[in-house]
Amino acid sequence: MTTDIQDIKHVIEEMIPFDLFLGMKVEEAREGYARIRLPYRPEFIGDPRRPALHGGILSTLIDTCGGTAVWASCDVKDRVATIDLRVDYLRPAPPADVIAVGEVKLLGNRVGNASVRIYSVLDETVTLAEGRGVYNIRKA
């Protein structure tokens, strides 16, 4: 296997325009695991009355983190694409950085399945959202 954390960081943080726009930071990636931070920006607020982060931001983070955990289990030249995504929003996400932690639950030759948990840097014991993603793996 030739996956390298620096290659993954480079692609997520600098080459994927949407992830770059959002400012995602890969804090850790290793076989079967990824942790990604999304630095807070006021534009991410979806409900200004609470205030709470927009659910689309959380689902994007879940998708990226799950895919990264699967990709970190493959060769860096392989391509990973989302097949299916499920998100459970459990609590409003406060206006602060959020962290996603993803773990691969099943890895086959063509498909990977990952589970992701999101929490705020304000309290890592409180789960804000959970998600599960299924990813297609196209070998290089």
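## A cis bond in a loop

Pro51 sits in the loop between strand 3 (45-47) and strand 4 (52-53). Strands here are DSSP runs of E with at least two residues, and helices are runs of H or I with at least four, both numbered from the N terminus. The peptide bond between Arg50 and Pro51 is cis. Its omega is about -15°.

This is a predicted model, where local features need pLDDT of at least 70, side-chain atom pairs count only at pLDDT 80 or more, and totals for chains, interfaces and linings use all residues. Residues are numbered from 1 along each chain as its sequence is written, and side-chain values use heavy atoms, leaving out hydrogens and water.

## The whole chain

The chain holds three helices and eight strands. Read from the N terminus, the order is α-α-β-β-β-β-α-β-β-β-β. Along the principal axes, the C-alpha atoms fill a box of roughly 45 × 25 × 25 Å.

What radius of gyration would a compact globule with 140 residues have? The value would be near 14 Å, and the chain agrees, with 14 Å. The radius is taken over C-alpha atoms, and the globule rule is 2.2 Å times the number of residues to the power 0.38.

## Surface, burial and contacts

Of the 140 residues, 41% count as buried. Buried means under 20% relative accessible area, exposed means over 50%, and partly exposed lies in between (1.4 Å probe, protein chains only). The chain exposes about 7,500 Å². Carbon and sulfur atoms supply 50% of that area. Accessible areas come from the Shrake-Rupley method with a 1.4 Å probe; for residues, only the protein chains shown count as cover.

Contact means heavy atoms within 4.5 Å. Take the contacts between residues at least 6 apart in sequence: 63% of them join residues at least 24 apart.

## Strand 2 and its partners

Strand 1 (residues 25-30) and strand 2 (residues 33-38) run antiparallel, joined by five bridges. Two strands pair if DSSP finds at least two bridges between them. The two form a hairpin with two residues between them. In the turn, Gly32 has a positive phi of about 80°. Arg30 has Tyr33 as its bridge partner in strand 2. For Ala29, the partner in strand 2 is Ala34.

Strand 2 also pairs with strand 6 (residues 98-107). Six bridges join them, and they run antiparallel. Here Ile36 stands opposite Ala100 of strand 6. In a regular strand the side chains alternate between the two faces of the sheet.

## Thr64 in helix 3

Thr64 belongs to helix 3 (residues 55-71). Is Thr64 buried or exposed? Thr64 counts as buried because its relative accessibility is 12%. Neighbours within four places in sequence aside, Thr64 is in contact with Ile12, Asp19, Met24 and Ile36.

## Arg110 in a loop

Arg110 lies in the loop between strand 6 and strand 7 (111-120). Arg110 is exposed, with a relative accessible area of 64%. Leaving out neighbours within four places in sequence, Arg110 is in contact with Tyr135, Asn136 and Ile137. Val80 is 30 residues from Arg110 in sequence. In space the two are 9.3 Å apart, C-alpha to C-alpha.
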